[in-house]
Amino acid sequence: MATTRPATIEVDTTMRFVAPDFTTINVRASMQYDQDDPYAIHVVFHPGSTESELVSWSFARELLAAGLVEPTGIGDVRVWPWTTPRGEAIALALSSPDGNALFEISRSVVARFLRRSYTLVPKGREPESLDVDAAVTKLLTEL
């Protein structure tokens, strides 16, 4: 009997929102990776108790990976190594027309999430997971 690998990976975690005075507030969040969208990761924040209160951001998996070791990103999403009294972390800065937010995430959580994503779709093998014909068909039917 053949076993199938999961098509998605989701890790629930707590991120810390970093206020301008550097106090932090815990925010429930999840990091998601789907082999059907092999270049992207999705971070979903759960600030409230209802589904309508979810806030989702999508950005390149490689941006997150590079941010483990050096400052990276321009524009809406920036990531860099961050040392805190709680240990090694990653800083995730998000910008939109509605405002800016800075979060800290445990470096080990991010590293484990990325390792799991690379077992699903290895780095450099993303094009093999894309079904370009299906994506074009979907785009044309939505017009």
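**View 1. Surroundings of Thr-13 in the predicted model.** Leaving aside its neighbours within four places in sequence, Thr-13 is in contact with Val-27, Arg-28, Ala-29 and Val-109, contact meaning heavy atoms within 4.5 Å. Thr-13 belongs to strand E1, residues 8–18, where strands are DSSP runs of E with at least two residues, numbered from the N terminus. Thr-13 counts as buried because its relative accessibility is 15%, the cut-off for buried being under 20% relative accessible area with a 1.4 Å probe and protein chains only. Residues are numbered from 1 along each chain as its sequence is written, and side-chain values use heavy atoms, with hydrogens and water left out. As this is a predicted model, local features need pLDDT of at least 70 and side-chain atom pairs count only at pLDDT 80 or more, whereas totals for chains, interfaces and linings use all residues.

**View 2. The hairpin of E5 and E6.** Strand E5 (residues 77–84) and strand E6 (residues 87–96) run antiparallel and are joined by eight bridges, pairing being assigned if DSSP finds at least two bridges between two strands. Two residues lie between E5 and E6 in this hairpin, and Arg-78 stands opposite Ala-93 in E6.

**View 3. Lining of the largest pocket.** The residues that line the largest pocket include Val-27, Phe-45, Trp-57, Leu-94 and Phe-103; a pocket is an open set of points on a 1 Å grid over the protein atoms alone, where a 1.4 Å probe fits, with protein on both sides within 12 Å along at least five of seven lines, and lining residues have an atom within 4 Å of a point. Strand E4 (55–60), E6 and strand E7 (99–106) each give two or more residues to this lining, and E7 gives the most, with four residues.

Notes. Buried means under 20% relative accessible area, exposed over 50%, partly exposed in between (1.4 Å probe, protein chains only).
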